[in-house]
Amino acid sequence: MTSRTAGEPLVRLSGVDKWFGQLHVLQDIDLSIDRGEVVVVIGPSGSGKSTLCRTINRLEPIDSGEITIDGQRLPEEGKELARLRADVGMVFQSFNLFAHKTVLENVTLGPVKVRKLSKGDAERRARELLDRVGVGSQADKYPAQLSGGQQQRVAIARALAMDPKVMLFDEPTSALDPEMINEVLDVMTSLARDGMTMVVVTHEMGFARRAANRVVFMDGGRIVESADPETFFTRPTSDRAKDFLSKILTH
Amino acid sequence: MDAVTDNLALFVEGYLTSLRIILVALVGSLALGLVIAMCRVSPVPPLQKFGTFWVTTFRNTPLSVVLFACAFGLPELGINRTFFFFGVLGLVLYTSAFVCEAIRAGINSVPAGQAEAARSIGLNFTQGLRFVVLPQALRTVVPPLGSVVIAMMKNSAVVGAFGVGGDLWSTGATLTSARGYETLPVFVGVAIGYLCITLPAGALLQVIERRVAIAR
Ligand SMILES: Nc1ncnc2c1ncn2[C@@H]1O[C@H](COP(=O)(O)OP(=O)(O)OP(=O)(O)O)[C@@H](O)[C@H]1O
Ligand SMILES: [Mg+2]
C-alpha cells in the first residue's frame with residue numbers, strides 16, 4: 001500500500017480492460033484524476049461511459065489493469081471493498097433512493113451503519129445536507145412522494161453524507177424533466193466550486209463548460225480525447241469528437 | 001363422534017405434539033431457508049453453487065425419502081437422536097428449499113439499483129440485504145412463503161407417521177388400527193385438529209400480508 005502523497009492523483013486507472021462476453025467495453029483505459037478535479041465524460045451511447053464510472057467503485061469488476069483510489073488498489077469483494085466504496089460517492093441516473101425509507105433515513109443509513117455515527121449526529125448532519133441541496137423540508141417524506149429533481153438531490157445528499165473523497169455521477173439529469181435539470185446541475189456546480197473531486201458522465205454541455213476542469217471523450221470503449229472544456233468544444237482534434245459535437249451541438 | 005369425545009385428551013395431546021413439530025420446523029426452516037437464499041444471491045460462486053445444490057437436492061426429493069434418510073441414515077453414521085429430532089430435521093431440510101426459493105424470488109423482485117445503491121454507500125453484502133433489499137422483498141415474499149408454511153404444517157403429518165408418534169395423525173392411526181374405532185369419525189377429528197392449526201395460520205398470514213403491504 002502506497003502512502004498518500006500530495007502530487008499523486010486521487011483516482012488512477014491504468015491499462016484497464018473490461019469485457020462483457022465478446023464485447024470489449026473498456027479498452028486499455030488510462031485516466032488520472034487529481035484532488036479537486038472535475039472530469040466530465042462524454043461520448044456516444046454505448047461507448048462505455050457508464051461502465052467506466054462503475055468500475056471506479058467496482059460495481060463492475062475489471063478484467064485487467066489497475067485502479068487505485070487515494071493510492072490504494074481497489075480490493076476484491078469483501079470488507080475492504082465496502083470500506084473503499086464508502087469513500088466513493090455514486091449518483092445514478094435513476095436515483096435509486098431506498099424506496100422503503102424516508103428521505104432522512106436514506107441519508108442516515110450509511111453514516112449509522114458504516115461510519116457508526118450515532119443516530120442523533122447522523123440526523124443532524126443529514127438535515128444540514130438536505131438543506132444544502134434544497135430539500136430540507138422533505139425530510140420525512142418517502143422517495144415516491146418527491147419529484148425527480150428532488151429525488152436526485154436527495155441522492156446527492158445521501159452520497160455526501162459519507163464524506164466521500166470522490167463523487168461519481170452517471171447521467172444524473174438524463175431521467176429528469178427539463179425544468180428540473182437545472183436544480184440538480186446547480187447543486188453539482190456548487191459542489192465543484194467547493195472543491196469536490198468529481199467524475200460526471202453527462203450530455204449537459206453547459207455544465208461541462210461551466211464546471212469541468214477537463215472533458216474526456218470516449219468512443220468504442222476508448223478514451224479518444226482528453227482536454228480542457230474550452231479546447232475540447234472549440235478545437236476538438238479527433239474526427240470522432242468533431243462528428244459527435246456537430247450532432248449534439250446543433251439541436 | 002364418540003371416538004373423538006372418548007379420547008379427547010389423546011386428541012389434545014396429539015394436537016399439541018403436532019403444534020410442537022410445526023413450531024420448531026417453522027423457525028428452523030425459515031432460518032435455514034433464509035441462509036440458503038443468501039448463499040444463492042451472494043457474490044461468492046462457491047456459496048451460490050452450494051445453495052443451488054441444496055435446493056436441487058431437497059426440492060426434488062420426496063419428503064418421505066428425506067425423512068427416511070434422516071431417521072435411518074443418520075444413525076448409521078453414528079448420529080443418535082430421538083425420532084422427534086430426526087423427524088423435525090427432515091421436515092426442516094425439505095421445507096428450507098421451498099422457503100429459499102420463495103425468498104429468492106422476492107429478492108429478485110427488488111430492482112437491482114437498490115442493491116447497487118446500498119453497496120455504493122459502503123454497506124456490505126449482508127447489510128445491503130438486511131437493511132435495503134429484504135425489507136422491500138417482504139411484500140412479495142409473504143404470500144408464496146405462506147403457502148410454503150401451510151404445506152409444511154400439513155407435511156408434519158408425514159413426520160408423525162414416520163415414527164415420531166403422538167401427533168395428531170398418529171393418534172388417529174392408533175385409535176383406528178389398534179383400538180378399533182371407526183375410521184371416518186376419527187379422521188374427521190384429525191382433520192379438524194389440522195384445521196385448528198392451518199386456519200388460524202392462514203388468518204395470521206393475511207394480517208401480516210396487509211401489514212407489509214401498507215408499510216412502505
Ligand atoms: N451488464 C451488461 N452486460 C452486457 N453488456 C453490457 C452490460 N452493461 C453494458 N453493456 C454493453 O456495454 C456497452 C457499453 O455500455 P455503457 O452502459 O457503459 O455505455 P454508455 O456509454 O454509458 O452508454 P449510454 O450513453 O447509452 O448510457 C454497451 O454496448 C452496452 O450494451
Ligand atoms: Mg450510460
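Q: Which element gives the largest share of the shell around ligand 1?
A: In this predicted model, the largest share, 3 residues, comes from α1(A). An element here is a DSSP run, numbered from the N terminus: a helix (H or I) has at least four residues and a strand (E) at least two. Residues are numbered from 1 along each chain as its sequence is written, chains are lettered from A and ligands numbered from 1 in the order of writing, and side-chain values use heavy atoms, without hydrogens and water. Local features need pLDDT of at least 70 and side-chain atom pairs count only at pLDDT 80 or more, whereas totals for chains, interfaces and linings use all residues.

Q: What makes F20(A) and K49(A) residues around ligand 1?
A: A residue is near a molecule if one of its heavy atoms lies within 4 Å of it. F20(A) and K49(A) are among the residues around ligand 1, which also include P44(A), G46(A) and T51(A).

Q: Why is the approach of S45(A) to an oxygen atom of ligand 1 called a polar contact?
A: A polar contact is a pair of N or O atoms within 3.5 Å; within protein, one must be able to donate a hydrogen and the other to accept it, and residues adjacent in sequence count only if both atoms are side-chain atoms. A polar side-chain atom of S45(A) lies 2.6 Å from an oxygen atom of ligand 1, and therefore the pair falls within the limit. For S50(A) the distance is 2.7 Å, and for E171(A) it is 3.3 Å.

Q: Why is the pair E116(B) and R54(A) called a salt bridge?
A: The term requires a side-chain nitrogen of Lys or Arg within 4 Å of a carboxyl oxygen of Asp or Glu. The closest N and O atoms of E116(B) and R54(A) are 2.7 Å apart, so the pair qualifies. The rule finds 1 salt bridge across the interface of chain B and chain A. Residue pairs in polar contact between these chains number 7 (both at pLDDT 80 or more).

Q: What is the area buried between chain B and chain A?
A: About 1,900 Å² is buried, and carbon and sulfur atoms give 61% of that. Buried area is the accessible area (1.4 Å probe) that two parts lose on being put together, summed over both.
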